[in-house]
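Me: I would like to go through this structure with you, starting with helix packing and then turning to backbone geometry. Please keep the answers brief.

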2 protein chains.
Amino acid sequence: MATAARDLGEGEHHSAIRVEVPSTTANLGPGFDVFGMAIGAFWDAVELEECPKRSLELELSGKYGKSIPRKHDANSACLAVKHFLKKFGIERGIRIRLEKNIPVGKGLGSSGASAAGAIVGLDRLLGLGLPKDELVALAAFGESCSAGAPHADNVAPAILGGFVLIQSYDPVRAIGIDPPPNLELAIAIPDIEISTKEARAILPAQVPLGEVARNIGRASSIILGLLRGDVSLIGSGMVDAIVEPVRAKLIPGYDVVKRRALEAGACGVAISGSGPTMVAVVDNRVAKASDVAKAMAEGFSDAGLDCESLAARPCGGAKVVWMR
Amino acid sequence: MATAARDLGEGEHHSAIRVEVPSTTANLGPGFDVFGMAIGAFWDAVELEECPKRSLELELSGKYGKSIPRKHDANSACLAVKHFLKKFGIERGIRIRLEKNIPVGKGLGSSGASAAGAIVGLDRLLGLGLPKDELVALAAFGESCSAGAPHADNVAPAILGGFVLIQSYDPVRAIGIDPPPNLELAIAIPDIEISTKEARAILPAQVPLGEVARNIGRASSIILGLLRGDVSLIGSGMVDAIVEPVRAKLIPGYDVVKRRALEAGACGVAISGSGPTMVAVVDNRVAKASDVAKAMAEGFSDAGLDCESLAARPCGGAKVVWMR
């Protein structure tokens with residue numbers, strides 16, 4: 001609190017800001033709660049404006065504006081902003097205009113984007129310039145409403161961009177890794193919704209030790225592949241025997257979609273976050289991400305599900321579009 | 001079998017070979033069963049010689065020659081050689097001369113070195129030139145006698161040198177990573193012995209899911225630190241809340257040694273393999289590995305244990321010294 005009071009106003013002060021923030025994919029198989037990547041597929045916009053009343057106001061718009069909770073304690077942007085203001089003892093009224101373009105309940109970091117955009121915006125609006133790990137921790141708190149507990153694997157890439165490793169949660173330490181330029185993504189978003197809270201509730205509380213070792217080996221391959229620009233190695237690490245088999249049961253066509261993606265040249269396939277979206281990594285020197293996306297859509301179609309599919313690239317994180 | 005029969009004799013044929021093979025450290029905290037590193041501290045020598053009788057003979061020498069099992073099924077070199085010959089349907093008599101200089105029962109990959117040296121030697125002796133992953137898998141089988149199951153985290157670095165990630169066990173896939181030149185090691189070997197089999201028997205069968213995520217984050221940091229030459233990041237990842245707390249109870253002074261190493265400038269400390277040796281990583285631009293080793297020895301001394309301590313560097317893997 002002392003720090004904020006000291007810093008507050010040191011930077012240039014503004015009364016309104018607009019931040020755009022990308023969709024993200026979390027886990028990539030074995031990296032449950034610790035791996036995330038920003039995907040240049042969908043962007044939310046978060047506008048914050050100081051208002052005279054010391055209250056929090058929320059306006060929703062965008063394609064999915066009607067699909068998300070209006071109640072402040074159930075909205076990740078509101079929750080994050082309230083937590084931020086309370087933590088630093090700042091008494092301000094804030095109006096949040098949230099333009100929701102990232103599909104909701106699909107495992108594409110929609111709630112994380114809201115929280116990340118709100119935190120990045122508020123930090124800049126107040127001229128605080130908090131360290132990135134603190135921004136990530138504040139935004140992660142906003143995720144409590146959708147995930148049941150703070151988690152950072154969507155908000156961190158939404159803020160930092162690229163691939164992010166959450167090295168530790170206590171304190172939060174997020175390390176960014178630039179994905180190699182030959183890495184592309186294919187995404188298939190079937191026409192069902194999965195609640196993050198429910199997808200977490202069905203997870204096993206305990207895991208056999210042997211599976212842990214296997215997941216450590218695979219997760220390490222993903223990091224190594226990212227650093228070496230070896231998409232095939234990244235893909236070979238995208239296998240998870242702990243969380244994914246349980247969640248796969250919630251996704252009709254999971255096996256078919258995975259097989260079709262690999263047949264179409266993907267290096268690896270995983271459930272995006274808590275699903276139902278599935279994400280494949282593609283080496284663009286070997287196959288076309290658009291072909292892989294098409295094959296995945298056909299897989300969902302075989303399982304009787306409508307599906308939106310697209311090719312995308314990793315992208316940068318939240319960016320301020322304007323301040324005034 | 002067909003492959004071996006075809007290849008056998010294609011290379012130049014020899015009747016005797018001497019291979020030197022280094023000590024190794026496994027796990028480095030969270031990398032249970034999947035991380036290992038060759039340490040230039042101790043070297044075994046394995047000599048293989050074809051003999052007319054179709055039998056396996058074993059001669060032991062070296063500082064620790066009397067500390068290891070003579071029974072073939074309890075000796076990792078014999079077990080590996082028998083498995084190798086049987087697998088490829090090769091009927092030869094082999095005399096193994098094993099010069100055991102790597103301390104036994106200390107968690108420094110002593111049994112792994114025997115198996116690794118024997119496999120590398122036999123492959124060369126027979127002119128097979130098997131792929132490295134196959135050599136690792138064959139040597140890992142030799143570890144069954146000491147570990148109760150094949151494991152590759154010592155034999156892989158003993159063969160390949162440097163740091164090795166076991167990406168998968170089925171099939172075995174080992175990926176080498178060159179440690180950065182500023183990475184040094186401090187090792188403290190207390191005067192107690194821990195059997196690998198026993199150290200494995202006390203491990204939990206099940207692990208809480210939250211701990212798995214934390215270990216994935218830390219293990220990933222080790223890989224990232226190795227690739228970026230960031231020893232501090234490697235060290236910060238050397239924390240394990242699954243295997244190490246259980247094994248720490250077998251090592252008097254564990255907490256003190258760890259604290260003393262960090263106070264002396266180590267970036268991270270872990271039990272080496274199944275212990276009781278403890279290994280610290282040191283950034284040689286920040287601290288002296290010899291100072292850290294001394295501090296660790298004092299820690300064991302405070303706990304009433306005699307201790308051999310030394311500074312070392314990562315090193316290359318098994319090398320053929322001569323063939324004739």
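Me: At what angle do helix α11 and helix α12 of chain A pack, and how far apart are their axes?
Reply: This is a predicted model. In it, α11 (residues 254-263) and α12 (residues 289-302) of chain A pack at an angle of about 155°, and their axes are 8 Å apart.

Me: Which term describes how α11(A) and α12(A) run relative to each other?
Reply: Angles over 145 degrees count as roughly antiparallel, and α11(A) and α12(A) are therefore roughly antiparallel to each other.

Me: Is the crossing left-handed or right-handed?
Reply: The crossing of α11(A) past α12(A) is right-handed.

Me: Which residues make that contact?
Reply: From α11(A), the contact uses A:Val256, A:Val257, A:Arg260, A:Ala261 and A:Glu263. From α12(A), the residues are A:Val292, A:Ala295, A:Met296, A:Glu298, A:Gly299, A:Phe300 and A:Asp302.

Me: Turning to the largest nonpolar core, how many residues does it have, and which have the most contacts inside it?
Reply: The largest nonpolar core has 218 residues. Those with the most contacts inside it are A:Val292, A:Met296, B:Val292 and B:Met296. Of these, A:Val292 and A:Met296 also take part in the contact between α11(A) and α12(A).

Me: What does A:Val292 touch, leaving out residues up to four places away in sequence?
Reply: With those not counted, A:Val292 touches A:Ala186, A:Ala261, A:Ala264, A:Gly265, A:Ala266, A:Ala280, A:Val282 and A:Ala287.

Me: On to the backbone. Which residues does a cis peptide bond join in chain A?
Reply: A cis peptide bond joins A:Asp170 and A:Pro171, with omega about 0°. A:Pro171 lies in the loop between β5 (163-169) and β6 (172-177) of chain A.

Me: And which residues does one join in chain B?
Reply: There, B:Gly275 and B:Pro276 are joined by a cis peptide bond with omega about 5°. B:Pro276 is in the loop between β9 (268-271) and β10 (278-283) of chain B.

Me: What is the phi of A:Leu28, and where does the residue sit?
Reply: A:Leu28 is not a glycine, yet has a positive phi of about 50°. Its place is the loop between β1 (16-27) and β2 (31-51) of chain A.

Me: What about B:Asp33, and where is it found?
Reply: B:Asp33, also not a glycine, has a positive phi of about 75° and is found in strand β2 (residues 31-51) of chain B. With 23 C-beta neighbours inside 10 Å, B:Asp33 counts as buried.

Conventions. Residues numbered from 1 in each chain as written. Chains lettered and ligands numbered in written order. Predicted model: local features only at pLDDT ≥ 70, side-chain atom pairs only at ≥ 80, totals over all residues. Axes fitted to C-alpha atoms, helices over the stretch in contact; angles between N-to-C directions. Helix = DSSP H or I, 4+ residues; strand = E, 2+ residues; numbered from the N terminus. Parallel < 35°, antiparallel > 145°, perpendicular 65-115°, else oblique. Left-handed = near helix turned anticlockwise from the far one by under 90°. Contact = placed C-beta atoms within 7 Å. Core = buried A, V, L, I, M, F, W, Y, C linked by C-beta atoms within 7 Å. Buried ≥ 20, exposed ≤ 12 C-beta atoms within 10 Å, placed from the backbone.
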